[in-house]
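Here are my notes for your reading. Keep the structure open beside them.

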Amino acid sequence: MKKIFSVLVIASSVLFVSCKGDQGPAGPAGPTGATGATGATGATGATGSNGSNGTNGTNAQVVYSAWLTSPFDSRDTTIDGTCVKVRHFNAPSLSSTILSQGTMITYFRVGSIGPYQLPYISDAGTGTNQITAIYSVQKIFVVRHTFNSCRFTSAVAASYTGEPVMVNLPQSLEYRYILIPGLIAGGRFASGPAAGYSVAQLKQMSYERVKELFAIPENGSNEKK
């Protein structure tokens, strides 16, 4: 009896396996579900604190030269009846507008001595003298006047007791100029790094302070060629 039952079970299993068909093709995709509603906008965050003030920018219009010597010979001449030694050098950015509305500052040095702002009075040479700058369109004239003298040579001065000989203006002197354009409101600069300062205050500043104010490097030039 057990053998008959086992045969029937095996026969049923074979019949079940043989009756299983191949897998049918996939059915079509169902429709896309509806989009959900957009959520409510969140509350606005608190306003952040104000940032710290930035540093003052440089005035791109300020022109500064490198240290330079005059390429021209010293000349003996007379200005307004006063005997002087004079040289000059070119300053391409010195326009008629800067001459009439801007500020010009020139310094000089000799070797490691200086810099000094012009005009400058000293007892160098044979007598008290003053070096100053006279500005013209695209040129700066450097003038040296020896007080109590109008004798350009010792030969002429020999016949004038007590008068010193004119002190020379050597080619070794170096100069650096700064040109500051712009209108001045109420006698003071209205904008830029010099805002609030008068021309007199700028010229009373040290060379180092002027460089710091206008972010001028120790060496180099932004003067056009």
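Which residues do ring pairs link into a cluster?

1. Trp67, Tyr107 and Tyr207 are the ones linked. Rings of Phe, Tyr and Trp (its six-membered ring) pair if their centres lie within 6.5 Å; planes under 30 degrees apart count as stacked, over 60 as edge-to-face and the rest as tilted.

2. A word on the basis. This is a predicted model: local features need pLDDT of at least 70, side-chain atom pairs count only at pLDDT 80 or more, and totals for chains, interfaces and linings use all residues. Residues are numbered from 1 along each chain as its sequence is written, and side-chain values use heavy atoms, leaving out hydrogens and water.

3. The whole structure holds seven aromatic pairs. One of them joins phenylalanine 89 and tyrosine 175, stacked at 5.3 Å centre to centre with 25° between the planes. Phenylalanine 89 sits in strand β3 and tyrosine 175 in strand β9, so the pair ties together parts 86 residues apart in sequence. Strands (E, at least two residues) and helices (H or I, at least four) are DSSP runs, numbered from the N terminus.

4. Tyrosine 107 and tyrosine 207 have ring centres 4.9 Å apart and planes at 70°, so this pair is edge-to-face. Tyrosine 107 is in strand β4 and tyrosine 207 in helix α5, 100 residues apart. Tyrosine 107 and tyrosine 207 are both buried (under 20% relative accessible area; exposed is over 50%, partly exposed in between; 1.4 Å probe, protein chains only).

5. Now threonine 103. This residue is in strand β4. Threonine 103 is buried, at 3% relative accessible area. Its contacts (heavy atoms within 4.5 Å) beyond four places in sequence include Ile98, Ile178 and Phe189.
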